[in-house]
Amino acid sequence: MKRFLLTVVAVSGMGLTVHASERPNIIYILTDDMGYGDVAALNPDCKIPTPNLDGMAAKGMVFTDAHTSSSVCTPTRYNVMTGRYNWRTHLKSGVLDGYDKPLIAEDRLTLASLCRDNGYQTAMIGKWHLGMELPIVKEGSGLPKGDKKNKYVDWSKPVKRTPTSNGFDYFWGHGASLDFPPYNYIENETYTTQNVRYIANKEIRDDLKITTTFRTGWIGDNFDPFQTLDEFCNRAAAYIRKADDSKPFFLYIPLTSPHTPIIPTSEWKGKSGLNDYGDFVMQTDAGVGRILQALKDRGIEDNTLVVFTADNGCSPRAEIGELQEKGHSPNHIYRGTKADIWEGGHRVPHLVQWPARIKAGTQTDRLTVLGDIVATVADIVDAEIPDNAAEDSMSFYDVLQGQDDPAKKHQAIINHSVSGVFAVRTPQWKLIFCPGSGGWSSPKDAQARKQGLPEYQLYDISKDPRETENLINDYPEVVEELKTLAADFVKNGRSTPGAPQKNDTSNDWKQLNWMK
């Protein structure tokens with residue numbers, strides 16, 4: 001790989017100014033439970049104004065066939081950080097909670113460590129949800145006897161294995177989703193307050209006025225869930241304005257919105273004319289706008305690569321039926337929702353802006369998985385990725401430059417649902433190894449079997465992106481070819497060219513019955 005020399009020329013009344021830099025700043029914004037149809041630029045029938053995201057689409061490139069590696073949170077974040085599928089670890093289904101141990105091994109290459117080792121200052125502001133080692137103690141006071149999920153924590157002790165153990169110079173954020181305790185912000189390895197109390201359902205309802213999902217547990221005196229979104233966005237903008245200009249920065253901003261609790265602030269409540277979810281998406285767009293404005297104010301927008309995406313599709317908690325009655329489909333034309341193996345569970349908005357490098361107003365139908373960002377950044381910084389890292393990541397740097405390198409394209413990708421169901425997807429075909437949604441939508445797999453539906457599903461996505469016609473009995477040769485391909489991806493420990501690697505566990509688990 002050759003390094004490029006990027007030169008930006010600006011003309012002003014003072015004369016000609018030339019700024020040269022080999023490497024761009026990199027910002028990766030990951031929203032929580034936001035559908036493909038929630039960005040107006042991607043959905044002609046979108047009823048939610050998203051002017052800042054629309055601006056990104058107009059100024060950069062839209063990926064129309066981008067997917068999370070899973071249709072739920074933790075697995076996707078693992079893939080973004082490592083370029084590796086989560087099911088290669090012990091996490092075969094579901095997500096971690098706020099007390100779980102780290103999912104990423106300390107010695108594994110991450111997007112952050114890749115950047116740091118190649119001359120970047122690295123920071124994360126937002127939601128981690130990949131596990132930490134909390135200073136848990138056996139005894140304490142304040143936990144109700146019936147609470148089997150929360151644990152006693154020594155808030156004065158350091159938190160181990162925070163994001164600073166995985167390549168970040170700086171971290172400020174929350175350990176998991178906004179509805180997972182403990183609710184106590186962490187800065188690097190330190191809790192930001194030791195003044196913590198237990199909050200029960202009655203207080204959540206009566207004091208916080210939260211009626212959507214918000215689990216009981218410990219909460220710090222400086223933790224206001226209504227302000228978390230703005231807190232993250234404002235801190236991210238402040239970081240951009242103050243970052244050391246002697247070297248580029250990588251800033252990872254995983255937001256907690258518009259995931260539950262769906263709690264727009266009073267400034268935004270009612271603005272969408274739809275429901276709280278629509279308002280929360282508008283507030284999220286505004287927060288992204290403040291981050292982008294910070295780049296402009298600093299004069300570094302041209303040479304900053306910004307990616308905006310989501311960790312899975314829109315959740316049923318958004319009251320999707322209510323939204324659809326008002327003409328808004330948060331997952332656009334795609335079947336299913338968050339948690340499902342169908343497209344609505346994992347096809348997400350994916351906008352990339354880099355004015356100095358990407359032609360404005362462009363789009364690509366490249367089959368993409370979010371973890372491709374690892375190989376892409378490696379290409380940008382001219383770094384070699386070892387065989388035992390980013391095993392499922394393929395660079396899309398060529399696409400950003402308006403090129404089309406067949407060697408950089410996925411032969412296929414794996415989709416994965418909340419229950420651990422697999423699907424294998426090529427640009428044309430999608431084979432699903434279950435009879436139903438594999439997630440929360442109807443028919444669930446048990447329901448589908450009672451209805452006598454085929455055990456597997458095959459769709460020609462190039463002609464049927466809505467997944468309406470199951471062709472499983474029409475193309476047996478395609479089914480066998482895709483099964484073999486998916487099995488190879490599992491057995492080889494990778495889905496990209498390179499030496500075979502080992503998965504963290506054996507391949508003998510129930511969701512791989514289709515391999516037998």
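Q: What should I know about the ground rules here?
A: This is a predicted model, where local features need pLDDT of at least 70 and side-chain atom pairs count only at pLDDT 80 or more, while totals for chains, interfaces and linings use all residues. Residues are numbered from 1 along each chain as its sequence is written, and side-chain values use heavy atoms, with hydrogens and water left out.

Q: What pLDDT does the protein average?
A: First, the idea: pLDDT is the predictor's confidence in each residue, from 0 to 100. Here the average is 94, and 96% of the residues score at least 70. Over residues 1–20, though, the pLDDT is below 50, and this stretch has 39 contacts in the model beyond near neighbours in sequence (a contact means heavy atoms within 4.5 Å). Where pLDDT is low, the predicted coordinates should not be read in detail.

Q: Where is Tyr185 found?
A: Helices (H or I, at least four residues) and strands (E, at least two) are DSSP runs, numbered from the N terminus. Tyr185 sits in the loop between strand S9 (170–174) and strand S10 (186–187).

Q: Is Tyr185 buried or exposed?
A: Buried means under 20% relative accessible area, exposed means over 50%, and partly exposed is in between (1.4 Å probe, protein chains only). Tyr185 has a relative accessible area of 2%, so Tyr185 is buried.

Q: Which residues is Tyr185 in contact with?
A: Skip its neighbours within four places in sequence, and the contacts of Tyr185 include Trp172, Tyr191, Asn222, Phe223 and Phe232.

Q: Which side chain is joined to Lys430 by a polar contact?
A: That of Glu343, at 2.8 Å. Lys430 is in strand S21 (residues 429–432), and Lys430 counts as buried because its relative accessibility is 0%.

Q: How many cavities of 30 Å³ or more does a search of the whole structure find?
A: On a 1 Å grid over the protein atoms alone, a cavity is a set of points where a 1.4 Å probe fits but cannot get out; lining residues have an atom within 4 Å of a point. Grid points are joined across faces, edges and corners, and a volume is the space filled by probe spheres set on the points. The search finds two.

Q: Which residues line the largest cavity?
A: Among them are Asp97, Met132, His174, Pro182 and Tyr191. By class, this lining has five nonpolar, five polar and two charged residues. (Ala, Val, Leu, Ile, Met, Phe, Trp, Tyr, Cys and Pro count as nonpolar, Asp, Glu, Lys and Arg as charged, and the others, Gly among them, as polar.)

Q: What about the lining of the second largest cavity?
A: Asp33, His259, Tyr277 and Arg317 are among its residues, and the lining divides into five nonpolar, three polar and two charged.

Q: Which residues are joined by a cis peptide bond?
A: Look at the omega angle. Pro181 and Pro182 are joined by a cis peptide bond with omega about 0 degrees, and Pro182 lies in the loop between S9 and S10. A cis bond also joins Ser442 and Pro443, with omega about -5 degrees.

Q: What is the phi of Asp33?
A: About 65 degrees, a positive value although Asp33 is not a glycine. Asp33 is in the loop between strand S3 (25–31) and helix H1 (51–59), and with a relative accessible area of 3% Asp33 is buried. Glu319 also has a positive phi, near 60 degrees, but Glu319 is partly exposed, at 47%.

Notes: 1 Å grid on protein atoms, 1.4 Å probe; cavity = no way out; pocket = protein on both sides within 12 Å on 5 of 7 lines; lining within 4 Å. Polar contact = N/O pair within 3.5 Å; in protein donor to acceptor, adjacent residues only side chain to side chain.
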